[in-house]
Amino acid sequence: MIWTRLLALIVKELLAAFRDRKARMALVLPPLVQFFLFAYAATLEVSNVPVGVYNQDWGAYSEQLIGRFERASAFSEVRRYASEADARDAIDRQDVMVVVQIGQDFSRKLAGGEKPSVQLLLDGRKSNSAQLLNNYLGTIVAQFSVDFRNGLAYRPMSEIVDRSWYNPNRGYRESMVPILIATLPMTMVMMIVGMSVARERELGTFEQLLVSPLQPLEIVVGKSVPGLIVGLAQCAIIAVIVTQLFGIHITGSVVVLFTGLTIFLVATIGIGLFISSFVSNQQQAMMGIMVTMMPLMMLSGFSSPVQNMPTWLQPLAQINPLTHIVVIIRGVFLRDMPFWLVAERLWPMIAIAAVTITAAAWMFRRKIQ
Amino acid sequence: MVSPLVSIEGLSKVFAPNAPAAIQALTTEIKAGQVTGLVGPDGAGKTTLMRLMAALLEPTEGRIAVLGHDARSEATAIHDEIGYMPQRFGLYEDLSVMENLTLYADLRGVVGDERKATFERLLAFTDLARFTDRLAGALSGGMKQKLGLACAMLKSPKLLLLDEPSVGVDPISRRELWKMVYSLIDHGVGVVWSTAYLDEAENCAEVIVLNEGRVLFQGDPKAMTAGISGRVFQVHGAGADRRSLLARTLASPDIIDGVMQGEAIRLVTAEGAAEPTPQSIGASSVVINNVPPRFEDAFVAMLGGQPKRTLTAPGRQPERHDGHAPVEAKSLTRRFGDFTAADHITFEIARGEIFGLLGPNGAGKSTTFKMMCGLLRPTEGAALVDGLDLYMAPSAARARLGYMAQKFSLYGDLSVAQNLDFFAGAYGLSGAKRREAVARVIDAFDLKAKLHQNAGGLPLGFKQRLALSCAIMHEPPVLFLDEPTSGVDPLTRREFWGYINAMVGRGVTIMVTTHFMDEAEYCDRVGLIYRGKCIAIDTPEALQASVKSKELPHPTLEDAFIALVEAHDLRQQQAAA
């Protein structure tokens, strides 16, 4: 009896989700487009940017330094400026993000064993990229001076050799793109589930459901399962693209990954259902989901680490399912994360899922009372 | 007579190249200083004609002149001089009454002293002055329509087009709306009032009967009614057999229309047919009187009578659970904070009875109905279906009831077959049982031809059949209907009640909420809900008889309703004094 009712509800939801070409396209196309947009366009790496140079020095050493800029793969070209005003103007017009100003005594000081100084003029409007450029250029300049001294037979006291574990090339793509396996289906699933309840409210069919022998928890399950099916399918498609097209390998276990994703999606669906239990139309549902989605994304540590957040904010990140799945995905992709570490991230998501799903069922029941 | 406000010549409107014309070669006039009723079944073209007159649609062919302006070339001039109130007037529900008025005044360019004077006049006229701070969304249906009317009248129009202004409005508010419109007529305004409620047509000086985009009749409604005098009869004394008697008489080609009127049956004979006798209708103990026709009789007769489909009662006889009433309200009370929406409402419905919950908007009728369906938990008291408390055993009790919501709550994106499958499943029918149930309703409601069409695109009559099918597939002994035929034209309404009557014949118990008197006439007993209390429970005739007086020798059910409400108010005032 209960299985008949549940099955009827699930079949109905799936039929509604795949009802026509337009609806089917809406499930497939936006996540794919978003995926490629995010994967290609939203990169934090700085490459192929021009670098400006205002060289006041007439010596040979400054030209050697500039030659290194020219050879650096991060920069597309070196643009020379004849005056400080020109350099300022170039940054103003956003021709370049950085201008390296080399003082007129650069070669003389270097030759004399003094410390020459090089000034970097950065465009602070693009703080993130400016920061990266600062690092690149700083490294080049430092290396230049080290090599110069080596040439003079000086030996530095110590040398730092860095190696990045798990992501040897420190590729932005390797750490960011796999996260899309969770974030894109999350958006989609919350929308599907939240809007389907809101639609039923609008049409009056929700009352029809409440009057039938279906129990509130059955309605919640019936609404969740189709969302889960669609969400997992999207996860799988995106995972295939990430591994096959982008060549990012899964180092850990696929089973662990999908166990995590399943629990994550259930928690997400719970949030979507809980939001939808407050709303009376689709417009409100859309608002509610949007308002929730942004903080979930920001507080997940997928773009800025949770450890960098203020202490009072960190517990909030812990009740965000995305925080945990981000750790799991990175763990499974970049290294073979041991299961006990995965489990540490699984149980908070299970708790979140249990709370949100129960709360949604309780809210539906409360509507009756 | 002065020149007409609107003159229409050879007007046609076609929406899609291959679709049938919404308006076909229509020629007519609208006169000033009177109410012109625009009546016709659903889809007859009433709204299209209204929008054409309001210069919101361009005619495909023909010519419309409104107040001397051509609708094609001078649309702006027309918009300036007329008032138009669409079916769902664009009130901003999140704005207060005053903010709505101000907004529309701004849009219409009514400013300064003129605005002040207009607002004062309209607020007094609509009696909304006390509610200026209330959100429009929180107004009752009647008050919303009054506010809509006020907004449409901001610019003192010479012509007022009202598209179904009385849908969702209770009888008391409806009378007030009519009073308002009559006072406009006295000021020389011409009003066009479109309606599916035919009793309203009798209030009009002139009616235009539309069907399939053509004018069937234009003129004095009394003349139209008089056209069938001598062909309308009331059959009394059929007792419990009356529903099947109605179904039997309708099978005869001599009878073109028949409806229930409380314990009586109203019949209209075909033109030239013999007067019905107890023998001819096959019921010996009945008394048949010739009665004066109503506009609705003439209207249905003009449309060729009620559709004659053989009505097979869907479903089998429900099993009997003797010992308790199928539906019981025990002192149902619901409080929202300090406000008591339902106050100790008690009634019992017998097996095979149609019970109506009647009351104005906001009286507590919906609250009571929701408690009876298990959609709202009573603060006190209990709601029982087949002896099962809806809160102690919700799933079991709900499995025994069928529910049909006001707006035919179907899944519009799913096909008819998918809707049927889903509802069968939701009520726990599986396998052979489900196939059998689905096949049964498809057969009974003649849904085969539309099986793979989306429910959202069905014509109204089919939607209604499908909604009813979904509600009764699990063969509930009890069926709850929430304003099932509100805003539905007379033909579709008759068809619907035909099914209901057939089901009642099988012993199904029906509870229906309505503020629509025609629906109340189909009920065996009516409970009148007012201000949260059940102020009267009786048969429609007994209620009518109870208010009979010298001034009202033949009270209609609506008269009875209004008189009982007024008497209750009077008693309350006396008690308070």
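Reader: Helix 11 and helix 12 of chain A: at what angle do they cross, and how far apart are the axes?
Author: This is a predicted model. In it, the axes of helix 11 (residues 254-276) and helix 12 (residues 282-298) of chain A cross at roughly 135°. They come within 9 Å.

Reader: What does that make them to each other, oblique or roughly antiparallel?
Author: Oblique. Angles over 145 degrees count as roughly antiparallel, and helix 11 and helix 12 of chain A cross at roughly 135°. The two helices are therefore oblique to each other.

Reader: Left-handed or right-handed?
Author: The crossing of helix 11 and helix 12 of chain A is right-handed.

Reader: Which residues make the contact?
Author: Helix 11 of chain A brings A:Ile271, A:Gly272, A:Ile275 and A:Ser276. Helix 12 of chain A answers with A:Ala285, A:Gly288, A:Ile289 and A:Thr292. By class, that contact has four nonpolar, four polar and no charged residues.

Reader: Switching to helix 1 of chain A. How does it pack on helix 10 of chain A?
Author: At an angle of about 45°, with the axes 9 Å apart. Helix 10 of chain A covers residues 216-245. That angle makes helix 1 of chain A oblique to helix 10 of chain A. Helix 1 passes helix 10 of chain A in a right-handed crossing.

Reader: Which residues meet there?
Author: From helix 1 of chain A, they include A:Ile2, A:Leu6, A:Leu9 and A:Glu13. From helix 10 of chain A, A:Glu218, A:Val221, A:Lys223 and A:Val230 are among them. The classes in this contact are ten nonpolar, one polar and four charged.

Reader: How much of chain A is buried?
Author: Buried residues make up 38% of its 369 residues.

Reader: And how many helices and strands?
Author: Chain A has 15 helices and four strands. Among its contacts between residues at least 6 apart in sequence, 76% join residues at least 24 apart.

Conventions: Residues numbered from 1 in each chain as written. Chains lettered and ligands numbered in written order. Predicted model: local features only at pLDDT ≥ 70, side-chain atom pairs only at ≥ 80, totals over all residues. Axes fitted to C-alpha atoms, helices over the stretch in contact; angles between N-to-C directions. Parallel < 35°, antiparallel > 145°, perpendicular 65-115°, else oblique. Left-handed = near helix turned anticlockwise from the far one by under 90°. Contact = placed C-beta atoms within 7 Å. Nonpolar A, V, L, I, M, F, W, Y, C, P; charged D, E, K, R; others polar. Buried ≥ 20, exposed ≤ 12 C-beta atoms within 10 Å, placed from the backbone.
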